[in-house]
Each structure stands twice: as C-alpha cells, then as structure tokens.
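Please look over the sequence and the structure before reading on.

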Amino acid sequence: MTLEQLIKALTPDVYENLKNAVAIGKWPDGRALVNNQRELCMEAIMHYEVTHNVPEELRVGYMESQCKSSKDDDTQTLTLQ
C-alpha cells in the first residue's frame, strides 16, 4: 500500500484521533507519542487535509493573520553595514 492509498483510506474518525494524539501528545489509550510518531502523524494529517480538500482555515496549523501579508504590514527592512 502506498502512502497515497493509505491517506485516502483514512476515515474521518482516524484523522480526528491523529489530530487529538498530536495535540495532547498521547494515543487514545494513554501511551505517550514519541517524536518520530508525532512527526509521522503530522505528515499523515497534512496529507489527509490536502487529499480530502479540508478548507484551508480548518487545517492544522492555519494562522490567518500570520500567513498573509497585507499592505498594512508593519515589517521593516534590515540593512547590515
């Protein structure tokens, strides 16, 4: 089974369980996620969201004010001398 087939086969319940596990750092049975598991879960979550056309504003990590620049952007150019 390829990663794409696996992601397409994920149910919404499994997707929600993965999101919850990453958020609290534990599996539903209470075991802690190790860093490698957290990374793989995040990758699966992101692939799921793209594959299943989850609206951008509902995706994990979405930050509207941080993702878009505007004309009122208050940034300054740093000049090194």
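What percentage of the residues of the chain count as buried? Of the 81 residues, 17% fall in the buried class. The model described here is predicted.

## Overall architecture

The chain contains four helices and zero strands. Read from the N terminus, its elements follow the order α-α-α-α.

## The nonpolar core

The largest nonpolar core consists of twelve residues: Ile7, Leu10, Tyr15, Leu18, Ala21, Val22, Leu33, Cys41, Ala44, Ile45, Tyr48 and Val54. At least two residues of this core come from helix H2 (12-24), and at least two from helix H3 (35-51).

Cys41 is one of the core residues. Apart from its neighbours within four places in sequence, Cys41 is in contact with Leu18, Val22, Trp27 and Leu33.

Met1, Leu3 and Leu6 together form a nonpolar surface patch of about 340 Å². Of these residues, Leu6 is placed in helix H1, which covers residues 3-9.

Why does Leu6 count as partly exposed? Its relative accessibility is 42%, and the partly exposed class lies between the buried limit of under 20% and the exposed limit of over 50%. Leu6 therefore counts as partly exposed.

Note on methods:
Residues numbered from 1 in each chain as written. Predicted model: local features only at pLDDT ≥ 70, side-chain atom pairs only at ≥ 80, totals over all residues. Heavy atoms only, no water. Patch = residues over 30% accessible without salt bridge, like charges linked within 9 Å, V, L, I, M, F, W, Y side chains within 5 Å. Areas by Shrake-Rupley, 256 points an atom, 1.4 Å probe, with all protein chains shown as cover. Salt bridge = Lys/Arg side-chain N within 4 Å of Asp/Glu carboxyl O. Buried < 20%, exposed > 50% of the residue type's maximum accessible area, 1.4 Å probe, protein only. Core = buried A, V, L, I, M, F, W, Y, C linked by side-chain atoms within 4.5 Å. Contact = heavy atoms within 4.5 Å.
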